[in-house]
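User: Could you walk me through how to read the features of this model?

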Amino acid sequence: MNSVVVRNVAIGEGIPKICVPIVGKTREEILDAAKKILPIGADVVEWRVDWYEDIFDFEKVEETAKQLREVLGEMPILFTFRTSKEGGEKAIDTPVYVELNQKISATGYVDLVDMEAFTGDDAVKAVVEEAHKHGVKVVASNHDFDKTPAKSDIIYRLRKMQELGADIPKIAVMPQNKKDVLTLLAATEEMVDNYADRPIITMSMAATGVISRVCGEVFGSALTFGAVGKASAPGQMGAGELKEMLTTLHESL
Ligand SMILES: O=C1C[C@@](O)(C(=O)O)C[C@@H](O)[C@@H]1O
């Protein structure tokens, strides 16, 4: 299994990495949130730009990214526009979405970009190609906020992301019962055991799925999302508590 190294953080090695989302609407809120994340000891920050009021004005996006980089120093930044189709705050036309991810990759302020895997193969490949030109890693993602697909379908989606050239395939699904959580975990284990040659990220959302956010080291999910302040998805626990749990578990493995 190859790990993905971003600014000295090796995703895919040892304890799952903790990523804290920022869901501020204004530049001030975004930078404030970043300052609050710093003391927690998280590994990665996700800037959920679909929440940002000026997201369609690239000059402002670039300036905010620059200031965010200044606040966060060496902490890796994942740039994510989560579309309304997959549970995010705003809709975006595909060409604009592709261009946004390509342009931010070229700035040098972010380390990873999130690209929804089922946007269309050409769109995903275009983002992967441009990101890689600038040394930026791509997290391909897929979200199902209603249900948990069959195990074979989850594996199919993760393999497809890998084939499209994503550095880290990721899937978040909603459980309707406890068996669905087991399905997600079984898919994770099977993907890592049989198909993955790179780190993957999986989670089962909401309260029923919360166990999936702490057991990544056992079943094979390389990163987990924890909140500082406002959560970006149902089921995220506090990043500080998450860190303690992951550390305790790690020491017993
Ligand atoms: O894809 C994900 C995972 C997530 O949806 C979660 O369930 O923790 C949170 C999002 O911010 C992130 O982009």
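**Lysine 170 and its surroundings**

Analyst: Leaving out residues up to four places away in sequence, lysine 170 touches Val139, Ala140, Ser141, Ile200 and Ile201. Two residues are in contact if their C-beta atoms, placed from the backbone, lie within 7 Å. This is a predicted model: local features need pLDDT of at least 70, side-chain atom pairs count only at pLDDT 80 or more, and totals for chains, interfaces and linings use all residues. Residues are numbered from 1 along each chain as its sequence is written.

User: Is lysine 170 buried or exposed?

Analyst: A residue is buried if 20 or more other C-beta atoms lie within 10 Å of its own, exposed if 12 or fewer, and partly exposed in between. Lysine 170 counts as buried because it has 25 C-beta neighbours inside 10 Å.

User: In which strand is lysine 170 found?

Analyst: Strands are DSSP runs of E, at least two residues, numbered from the N terminus. Lysine 170 is in strand β8.

User: Which residues does UniProt place under "active site"?

Analyst: UniProt annotations may be inferred rather than shown by experiment. Here the unreviewed UniProt entry gives the feature "active site" at His143 and Lys170. They are spread over 28 residues of sequence but cluster in space, with a largest C-alpha distance of 8.6 Å.

User: And what does histidine 143 touch?

Analyst: Histidine 143 sits in strand β7 and touches Glu86, Gly87 and Ala172, again not counting residues up to four places away in sequence. Histidine 143 is buried, because it has 22 C-beta neighbours inside 10 Å.

Notes
Helices (H or I, at least four residues) and strands (E, at least two) are DSSP runs, numbered from the N terminus.
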